[in-house]
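I opened the notebook today with two topics to look up.

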Amino acid sequence: MRLRENLSQGVRIGPDRTAIIFRDHEISFEALEKRVQELAETLSKWGVRAGSRLALLLPNCPAFVYCYYAADLLGAVSVPANPLLKAAELEYLWRDASVEVVLTIAALAPVVQAVREKIDTLKMIILDPDPDVVSLTRETCGTGPWEGEPRPLMQSDADERDCAVIIYTSGTTGHPKGAMLSHQNLTRNVEQVQSALHFTPIDRFLTVLPLFHSFAATVCMNTPLAAGCGSVLLESFSPGRVLEAIEKWRITIVPAVPAMFYALLQYRPEREFDLSSLRVFVSGGAPLPAATLQALEERFHVPVLEGDGPTECSPVTSVNRLEGARKVGSVGLPLPGVEVAIFDEQDRQLPSDAVGEIVVRGDNVMLGYLNLPEATAEVMTHGWYHTGDLGKIDSEGYIFIVDRKKDMIISAGLNVYPREVEEVLLTHPDIADAAVIGLPDSRRGEEVVAVVVPKPGASLSEREVIRFCRERLANYKSPRKVLVRETLPRGGTGKVVKRLLKKELELELNRA
């Protein structure tokens, strides 16, 4: 099955039903399908064809959906990118992906133009974000007009195993890597998510997560379309805007990252909002602290379903369910059709409750990394994708993530999992945010260091925080150094960028 079937299914469920709401404008499934077709025809006339690599540099707006699905009609490959990236970062991605055309909006044209000065073959098409129209302005590169005559639309019927989308990972260990996701990967993951969470056409999603990210693309765009659900697109996140949208549009499903949920908890509105339509919160993209989950359920009176999955798995691999047990601290059960296991360093499967690397196998696992056969071979063995996460699976099949394999601290020969320490820190009444990293130590190999952000008006002392941890953790796990900061560096999905934090602290301590 190809990506376009997601939209086709939504049209079959209810052509007149609302598919997208943007800036108070409602777009039906039938109208959405028509605009995708119109855009595909225009792109085809301008030279986009099967195999073309199309960069999507777009905020959350209907144009993103039009471009994503129009690319499939043409057999082209979408390459979404974060609109906040700088020209040098985009240049790397677009060279690596051999991007031919960038689809963007006028506000982002200057950064694209800066890249075109380095890649003179790059073409740019500016779209109007207004949901009422599908208007484009073709801008040629400096070498002259596009070659070739306009051609009619030839819908591609390429194999479902062909690459449909290239999504670049965050690059925590160097340059970002382009995960090649096939039509099969993406459509199977939609089926798997739908099978686990049972969305129906009466559900309405809030899409405030950025659509360039795999979590949002699958859970907030592809799955709602296939299920015939409506989706309210917000261009940016703020707690007040989210609560207003829930009330106004009777939203039932809110997928978000932990940083967003935490901001909702801290927000104190001037008036009460009617949130009675809410059915469930879905958390992913980063670990959700147990204290945050419990506080969310107490304040908003809806269940929080935590799930997990890397970009390389399209991305969802597991989630807690509404039916049955929901275990705090667990990312739930594997999705139907997804195999999850725990392997040791020799790729031997470990028994229940043993800690090892989480590995995944299934139709949702990527084709591989673009232009990186060695890196692909490192993470793919016998069909299993090695996630780099340390975790365990209990006797009932629930998955618990202990930490990132690369984040694990070895202090005096003992393993310390930063996430375990962070969970304890976040139960402190005066700590709003926390990250734990390992820094080099001549005696222990690595030293456990905590970086904490106090709650407004609170003050924290190193001695008191260390004492708090030692009352709840073994001494070797407790931080030996505590640093107080106003904020922690976070990436686009809300994860703390520990690589940057570690580098900053190493420089600071060396100067001291």
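These entries cover the helix pair, then the cavities.

**Entry 1: the helix pair.** I am working from a predicted model. I looked up how helix α9 (residues 258-266) sits against helix α10 (residues 290-300). They pack at an angle of about 50°, and their axes are 10 Å apart. Angles of 65 to 115 degrees would count as roughly perpendicular and those under 35 as roughly parallel. α9 and α10 are therefore oblique to each other. I noted their crossing as left-handed.

Next I listed the contact. From α9 come F261, Y262, L264, L265 and Q266; from α10 come T292, A295, L296, R299 and F300. By class, I get 7 nonpolar, 2 polar and 1 charged.

**Entry 2: the largest cavity.** I searched the whole structure and found 5 cavities of 30 Å³ or more. The largest cavity holds about 70 Å³ of space. Its lining is A19, I20, V65, L211, C220, M221, L225, C229, S231 and L233. Which element gives the most to this lining? I found that α7 does, with 3 residues. β1 (18-22), α7 (214-227) and β11 (230-233) each supply at least two. The lining residues divide into 9 nonpolar and 1 polar, with no charged.

**Entry 3: the second largest cavity.** I put its volume at about 60 Å³. The lining residues are D308, P310, T317, S318, V331, V340, I358, V360, T387, I399 and I401. Two or more of them come from each of β18 (356-361) and β22 (399-404). I sorted this lining into 7 nonpolar, 3 polar and 1 charged.

Notes. Residues are numbered from 1 along each chain as its sequence is written. This is a predicted model: local features need pLDDT of at least 70, side-chain atom pairs count only at pLDDT 80 or more; totals for chains, interfaces and linings use all residues. Side-chain values use heavy atoms; hydrogens and water are left out. Axes are lines fitted to C-alpha atoms, for helices over the stretch in contact, and angles run from 0 to 180 degrees between N-to-C directions. Helices (H or I, at least four residues) and strands (E, at least two) are DSSP runs, numbered from the N terminus. Angles under 35 degrees count as roughly parallel, over 145 as roughly antiparallel, 65 to 115 as roughly perpendicular and the rest as oblique. A crossing is left-handed if the near helix is turned anticlockwise from the far one by less than a right angle, and right-handed if clockwise. Contact means heavy atoms within 4.5 Å. Ala, Val, Leu, Ile, Met, Phe, Trp, Tyr, Cys and Pro count as nonpolar, Asp, Glu, Lys and Arg as charged, and the others, Gly among them, as polar. On a 1 Å grid over the protein atoms alone, a cavity is a set of points where a 1.4 Å probe fits but cannot get out, and a pocket is an open set with protein on both sides within 12 Å along at least five of seven lines; lining residues have an atom within 4 Å of a point. Grid points are joined across faces, edges and corners, and a volume is the space filled by probe spheres set on the points.
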